[in-house]
Amino acid sequence: MAVDKTYYITTPIYYVNDAPHIGHAYTTLACDVLARFKRLDGYDVHFLTGTDEHGQKVEKAADDAGVDPKAFTDKVSTNFRDLAAAMGFSNDDFIRTTEERHKRSVQAIWKTLADNGHIYLGSYAGWYAVRDEAFYTDSELEKQPDGTRIAKASGAAVEWVEEPSYFFDLSKWQDRLLEFYDENPDFILPKTRRNEVISFVKSGLRDLSVSRTTFKWGIPVPGDDDHIMYVWLDALTNYITAAGYPDTESDMYRRYWPADLHMVGKDILRFHAVYWPAFLMGAGLEPPRRVFAHGWWTNEGKKISKSLGNVIEPNALIEQYGLDPVRYFLLREVPFGNDGDFSHRAMIGRLNGDLANDLGNLCQRVLSMVAKNCDGAVPDPAGREDASDDALMNQAAATLDRVRAELDVQSFHNALTAIWEVVAEANRYVDAQAPWALRKTDPERMQAVLYALAETIRRIAIIVQPFMPDAASAILDQLAVEADQRVLANMGGKELKPGTQLPKPEPVFPRYVEEEEG
Ligand code: ME8
């Protein structure tokens, strides 16, 4: 079957100087859920993540570690691959900016920008923050008591830089960019972030320094080896490299570019929503369709940082709570786009509440009644259905449209809320119908009730798959749903066949018992 619906989604490529933490896992997780959802919805998905390995910041980290940058990046970029495996990410590609395909692509975009007259040689004198790999103007800085300056937005220390530099003519793109935002109202989400970007662009853009001469770790400017390309021009280009650029006639490029979504944290929105579309337009390429800037996680109320020693390691969380509960928590606890605070109390609350009590108990109650009272086979409604059964099953099927609409605007929390409304309804239905009592008074009606519940659980499990792939698959296994019957198109019909033998039910979400209680 030819697939005509494509979906290209990307994460930021992470700096390799840092060990992966919950913030990195969060961004990629959001993309993973969208990628999985779109695949189940019949799209040809390309999901990209990777590592940003050039620039002064990484060079310095390698230097501090006493190794050359190539050996350093080879070693530490595997941490991000390991994270992807640990978190169950389904990325189709993992790009490293030190790869040959990327060098070729970055040099091609540079040449095109230069040929199109958007790059000129000058000299830069101004402030630079290595931590952010960003240039700042005076008004963006705050003077410290000791006379040094830091960037207001990020707190990163800046240093004075004076050197020959190539510039990109960003100042000329102000009107084109404003027009572009206007014509594409959903290009930047959430809306509040969009407004910030627009006022930044309206306040006037300066030409952007796009090369450096005082260090070597990066991609040389074509025809002028003294200059190393600015790491953000290098890094942003990864999104088209992975789509086959500079082969713009390739099947890959035509299929996937422009990307449907660049998911980023709010810290790097300006690079993605201002510089990147300007570079692309300058090179005669289409800008991406959307940039979504999500919020920032803190840990028990404090900024997460290495120096505070409060970095949350995804592996430790997974070990403590299990992978699926962690995936669920991150996307359910905080409205996507807002800042959020991680706390163990909140994590345990979600695990024991939404997962163990609500969804876990629903499955366990229903499937163990089926095992005991229906010979371990899918029950037979045998003409004893009533309107309440259909109401419940239909409500479950109807979540698909709601979840699809919510995920199309990256509202993960609302999508999960919609699913959990059905979980709650199904639990109420169990209580109201009391199948354990029907067992004695009206066993045929009991079968119809249990059938409606099993069907509802099947539908819930199908739509939970993108969020919690392992748990959803365990539930679907317990309902003997074939592997090729688990796509979203399978949500609507009464697909469970009465009489199908089911495996022995096992609890899917054990309660988390805190040590002092246990
Ligand atoms: O900026 N909360 O890489 P980076 C939420 N290489 N998200 C967080 C977070 C937190 N506390 N901390 C980090 C770079 N993130 C560049 C990107 S793209 C062409 C180049 C996430 O390793 C969030 O997505 O500093 C943020 O934007 C990203 O990690 C920054 O990763």
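**Close-up 1. Helix 2 and helix 3 in the predicted model.** Helix 2 (residues 56–64) packs against helix 3 at an angle of about 95°, and their axes are 9 Å apart. Helix 2 is therefore roughly perpendicular to helix 3, since angles of 65 to 115 degrees count as such.

**Close-up 2. Lys70 in helix 3.** Lys70 belongs to helix 3, which covers residues 69–86. The relative accessibility of Lys70 is 39%, so Lys70 counts as partly exposed. Glu59 lies 11 residues from Lys70 along the chain, and the C-alpha atoms of the two are separated by 9.2 Å.

**Close-up 3. Lys38 in helix 1.** Lys38 is part of helix 1 (residues 22–40). With a relative accessible area of 7%, Lys38 is buried, because the cut-off for buried is under 20%. Leaving aside residues up to four places away in sequence, Lys38 touches Tyr7, Tyr43, Val45 and Asp408.

Close-up 4. Strand 12 and strand 13 (residues 224–229) run antiparallel and are joined by two bridges. Asp224 in strand 13 is the bridge partner of Val221.

**Close-up 5. Strand 15 and its parallel partners, strand 9 and strand 14.** In a regular strand the side chains alternate between the two faces of the sheet. Strand 15 (residues 291–294) is covered on both faces. Val291 and Ala293 are buried on one side, and Phe292 and His294 are buried on the other. Strand 9 (residues 188–189) runs parallel to strand 15 and is joined to it by two bridges. Strand 14 (residues 261–265) also runs parallel to strand 15, with four bridges between them. Phe292 is a point of reference for both pairings: Phe292 is the bridge partner of Leu189, and Met263 stands opposite Phe292.

**Close-up 6. Helix 14 and helix 17.** Helix 14 (residues 387–408) and helix 17 (residues 443–464) pack at an angle of about 5°, and their axes are 9 Å apart. The two helices are therefore roughly parallel to each other, because angles under 35 degrees count as roughly parallel. Helix 14 contributes Ser388, Asp389, Leu392, Met393, Asn394, Ala396, Ala397, Thr399, Leu400 and Val403. These residues meet Arg445, Ala448, Ala452, Leu453, Glu455, Thr456, Arg459 and Ile463 in helix 17. The residues of this contact divide into 10 nonpolar, four polar and four charged.

**Close-up 7. Helix 15 and the residue that follows.** Helix 15 (residues 412–433) has 22 residues, which at 1.5 Å a residue should span 32 Å. The end C-alpha atoms of helix 15 are 32 Å apart, in agreement with that span. Just after helix 15, Ala434 has a positive phi of about 45°.

How values were computed: Residues are numbered from 1 along each chain as its sequence is written. This is a predicted model: local features need pLDDT of at least 70, side-chain atom pairs count only at pLDDT 80 or more; totals for chains, interfaces and linings use all residues. Side-chain values use heavy atoms; hydrogens and water are left out. Axes are lines fitted to C-alpha atoms, for helices over the stretch in contact, and angles run from 0 to 180 degrees between N-to-C directions. Angles under 35 degrees count as roughly parallel, over 145 as roughly antiparallel, 65 to 115 as roughly perpendicular and the rest as oblique. Contact means heavy atoms within 4.5 Å. Ala, Val, Leu, Ile, Met, Phe, Trp, Tyr, Cys and Pro count as nonpolar, Asp, Glu, Lys and Arg as charged, and the others, Gly among them, as polar. The expected span of a helix is 1.5 Å times one less than its number of residues. Two strands pair if DSSP finds at least two bridges between them. Buried means under 20% relative accessible area, exposed over 50%, partly exposed in between (1.4 Å probe, protein chains only).
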